[in-house]
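Open the model in your viewer and keep the selection tool at hand. The tour below goes from one selection to the next.

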Amino acid sequence: EFEAVFNPTKQWRIMMNVAKQESIRGEAARDAAPLIAERMSVWMKDSIKDLTAGTSFDVKGFATSVLDTTVKRAQHSAGQVAQELVPWRANFVGNYTFARESKLKGWGIGGAARWQDQVALGYAPLRDPVLGNLDDLAHPFKGPTQIHYDGWISYTRPIFNKKIEWKIQLNIRNLLNENLMIPVRSNPVALDNKTDFYVAAWRIGEARNWSVTSTFSF
């Protein structure tokens with residue numbers, strides 16, 4: 001994470017921070033995998049299958065598709081970067097307070113921009129000869145970057161014989177918010193297509209909102 005504060009003039013203040021995060025998928029089924037591998041030779045015996053003859057339960061099918069395959073698919077993602085997390089974020093804040101000699105003495109104005117990088121909405125399909133169709137973690141389908149703007153205007157003046165400083169501020173969050181529908185999940189177009197996808201689910205973004213704060217400094 002990097003953060004910087006800069007004052008170009010006495011009245012103008014700028015702050016910026018940039019952060020990067022990365023999460024690696026850990027080892028899956030560390031204790032369960034050896035146990036399942038050891039028991040698979042037992043579960044595949046015909047004598048085990050005979051115990052469930054006449055029922056709808058298939059020991060071999062359950063052991064293969066539910067236990068063994070599920071564990072191997074989880075192990076397939078070990079060591080991979082979790083693309084669902086936002087890797088980069090950046091914030092920019094600027095505030096200007098008019099000088100005491102100005103006709104706008106006491107007034108201030110400011111704004112902020114909040115940006116975040118693309119995230120994975122899903123993955124291209126991958127054919128595995130043993131495990132079947134898997135998520136190709138090397139080819140994520142990425143959503144768009146997002147940027148949101150905030151703004152505010154304030155007025156400050158001393159009251160009670162300059163014993164107290166009063167500040168009132170109007171804040172507008174998501175000042176230029178126009179696209180409230182944000183994609184969150186995707187589906188592939190075709191099995192061998194690693195670039196094209198369609199959005200399968202959306203979420204409603206945060207709407208524009210207003211607030212007024214009043215502060216007294218002693």
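A charged patch, as the word is used here, is made of residues with over 30% relative accessible area and no salt bridge, with like charges joined within 9 Å. Keep in mind throughout that this is a predicted model.

**Stop 1: a charged patch**

Select Lys 10, Arg 100, Lys 105 and Lys 162. These residues gather on the surface as a patch of positive charge. One of them, Lys 105, sits in the loop that runs between β3 (88-97) and β4 (107-116).

**Stop 2: a salt bridge between Lys 20 and Glu 22**

Side chains of opposite charge can pair when their charged atoms come close. Select Lys 20 and Glu 22: they form a salt bridge, and the closest N and O atoms are 3.8 Å apart. Are these two residues buried or exposed? Lys 20 counts as partly exposed because its relative accessibility is 45%. Glu 22 has a relative accessible area of 55%, so it is exposed. The cut-off for exposed is over 50%.

**Stop 3: Asp 150 and its partners**

Now select Asp 150 and Arg 114. Their side chains meet in a salt bridge, with 2.9 Å from N to O. The pair links distant parts of the chain, since Asp 150 is in strand β7 (residues 146-159) and Arg 114 is in strand β4, 36 residues apart. Both residues are buried.

Asp 150 is buried because its relative accessible area is 13%, and buried means under 20%. Arg 173, with a relative accessible area of 32%, is partly exposed.

Arg 114, Asp 150, Arg 173 and Glu 206 are linked in a network of salt bridges. How many salt bridges does a search of the whole structure find? The search finds 5.

**Stop 4: Arg 208**

Select Arg 208, in the loop between β10 (197-204) and β11 (209-217). Its relative accessibility is 40%, so Arg 208 counts as partly exposed. Which residues does Arg 208 touch, not counting residues up to four places away in sequence? They are Ile 172, Arg 173, Asn 174, Leu 175, Leu 176 and Asn 177.

Note on methods. Residues numbered from 1 in each chain as written. Predicted model: local features only at pLDDT ≥ 70, side-chain atom pairs only at ≥ 80, totals over all residues. Heavy atoms only, no water. Patch = residues over 30% accessible without salt bridge, like charges linked within 9 Å, V, L, I, M, F, W, Y side chains within 5 Å. Areas by Shrake-Rupley, 256 points an atom, 1.4 Å probe, with all protein chains shown as cover. Salt bridge = Lys/Arg side-chain N within 4 Å of Asp/Glu carboxyl O. Lys, Arg positive; Asp, Glu negative; His and termini not counted. Charge placed at Lys NZ, Arg CZ, Asp CG, Glu CD. Helix = DSSP H or I, 4+ residues; strand = E, 2+ residues; numbered from the N terminus. Buried < 20%, exposed > 50% of the residue type's maximum accessible area, 1.4 Å probe, protein only. Contact = heavy atoms within 4.5 Å.
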